[in-house]
Amino acid sequence: LKRYEKTDPMIDPVFKEPSIDNLVEIKRKELENHIRSKRDREAAEARAAERIAKINPDFLGENWKKKQAHYFINKDSVEKVKTNLVANNITYQMRDVNPQIFKVRRRRDLNGAITINDINNRYLSYDEQMQFLNSISQQYPNDVKLQKLGNSFEGRSITAVRIGDDGSNKPIVWIDAGIHAREWISYNVALYLIYTIVSQPAYRDLLNSVQLVVVPNTNPDGYEFSRTVDRMWRKTRSRFTNSRCGGADANRNYPFFWGTQGVSHSQCSEVYCGARPQSEPEVLALTNAIQREETRIKGYIALHSYGQEILYPWGHTQRTYPSDVEDLIKVGRAMASAIQAVNNTEYNVVNSGDGLYPAAGASDDWAKSRGIKYSYTIELSPIDDYIGFSLPEDRINQVCREAFQAIQVLMIEVKSKF
Ligand code: ARG
Ligand code: ZN
């Protein structure tokens, strides 16, 4: 547990020799942390076994081209699930998932400054992401401002990157990434976007009329947990008293039709919607920040993976659409074409409730309900892999370049309409 506060001794101007009492206290804390992380790791292993052995399937993503949906299911429920699939005339493939996939390879942060090369070629730690943001904001002090929106449950800063904020009232496009911890590619896409749009003179003009706000890591606790303990972790890391399970699905925790469809009220579920709307500090920070300037925000994209889909509202239920759905579809298709122009990668533009599944309390619906006209969830690549969260690192750059084109389309649309 690391708190990102001003208690760092490095910045304490007067260095005092720690007293024996202090040293004892420091050692005690170290030991406590060690025990806690060991306990976390053991719990993760138990969960891995349990996940393979549980009844409620964990939806991973889909391949709409092949009309496949991918789930983790319980080993003990295999026969039952098979009978059900056969009874419903659904063809299926099953394979034994090695519990190894829930484990992580620990990788030390590399020394040296983080550059765009790192973003393009590997997944970064949260600290490395923050380091990259700091260096960008120092390099482009006039164009990039970092804004702290709040703290995660474990005390990590949730940081927004404001690009082209000149104090004027121009319209805003808001992009956030990685509310689901295991969807790693989304973080790189957000960081790539920040770098590219400020470093290339070609986008000056666009930034003069549209402001961009990017929150590259909306779930830092979950992400660190998925990097170091349980690769398939999705939720936040909030702890509840008297419960063996922790974490809520932050994308079921937004205050719009909260807790109705496609959610669970059980703390152990992957789609646990939390005790109440905005119970998760991450969601509270994000909704507060958006609401402060909601009249200026005209575009919103939540970056997720996987499945190559551009999803538009409403998503809390099926067959209901906003009155301007035609506009959403038109711009959604323009984004998909821009992606396809890069390397012929196909994205499907579809209503999230009909095309995927109803899920209430998600950020896209909430953003739309606040009057943000163009609100989407994008499920990034891949589509072809059965555990798509592990997009190989040599494919990061292409996904970034494709998503960048889509975001540019939205910014241009906002520029011309508002
Ligand atoms: N995969 C995303 C999730 O499960 C999709 C959310 C789409 N939006 C919606 N309102 N259903 O959170
Ligand atoms: Zn997701």
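## An exposed asparagine to start

Asn 242 is exposed, with 5 other C-beta atoms within 10 Å. (Buried takes 20 or more other C-beta atoms within 10 Å of a residue's own, exposed 12 or fewer, and partly exposed is in between; C-beta atoms are placed from the backbone.) Its phi is near 55 degrees, a positive value in a residue other than glycine. You'll find Asn 242 in the loop between helix H7 (220-228) and helix H8 (281-292). Helices (H or I, at least four residues) and strands (E, at least two) are DSSP runs, numbered from the N terminus.

A word on ground rules: this is a predicted model, where local features need pLDDT of at least 70, side-chain atom pairs count only at pLDDT 80 or more, and totals for chains, interfaces and linings use all residues. Residues are numbered from 1 along each chain as its sequence is written, while chains are lettered from A and ligands numbered from 1 in the order in which they are written.

One joins Ser 305 and Tyr 306, with omega about 10 degrees; Tyr 306 sits in the loop between strand E7 (297-305) and strand E8 (309-312). Another links Ser 381 to Pro 382, with omega about 5 degrees, and Pro 382 belongs to the loop between strand E10 (374-380) and helix H12 (396-417).

UniProt, in an unreviewed entry, places "domain: Peptidase M14" at residues 122-414. (UniProt positions follow the numbering used here, feature names are shortened, and annotations may be inferred rather than shown by experiment.) That stretch is 36% helix and 17% strand, with its end C-alpha atoms 32 Å apart.

For "active site", UniProt lists Glu 379, again from an unreviewed entry. Glu 379 is in strand E10 and is buried, with 25 other C-beta atoms within 10 Å. Setting aside neighbours within four places in sequence, its contacts include His 304, Leu 311 and both Ser 305 and Tyr 306, the pair joined by a cis peptide bond. Contact here means C-beta atoms, placed from the backbone, within 7 Å.

## Around ligand 1

The shell around ligand 1 is made of Asn 251, His 304, Leu 311, Gly 315, His 316, Ser 352, Leu 356, Ala 359, Ala 362, Asp 364, Asp 365 and Thr 377. A residue is near a molecule if its C-beta atom, placed from the backbone, lies within 6 Å of it. Helix H10 (352-356) and helix H11 (363-369) are the elements that give two or more residues to this shell. By type, the shell divides into four nonpolar, six polar and two charged. (Ala, Val, Leu, Ile, Met, Phe, Trp, Tyr, Cys and Pro count as nonpolar, Asp, Glu, Lys and Arg as charged, and the others, Gly among them, as polar.)

Phe 257 touches His 316 and Asp 365, and also Ala 360 and Gly 361, not counting residues up to four places away in sequence. Phe 257 is in the loop between H7 and H8 and is buried, with 21 other C-beta atoms within 10 Å.

Technical notes. Contact = placed C-beta atoms within 7 Å.
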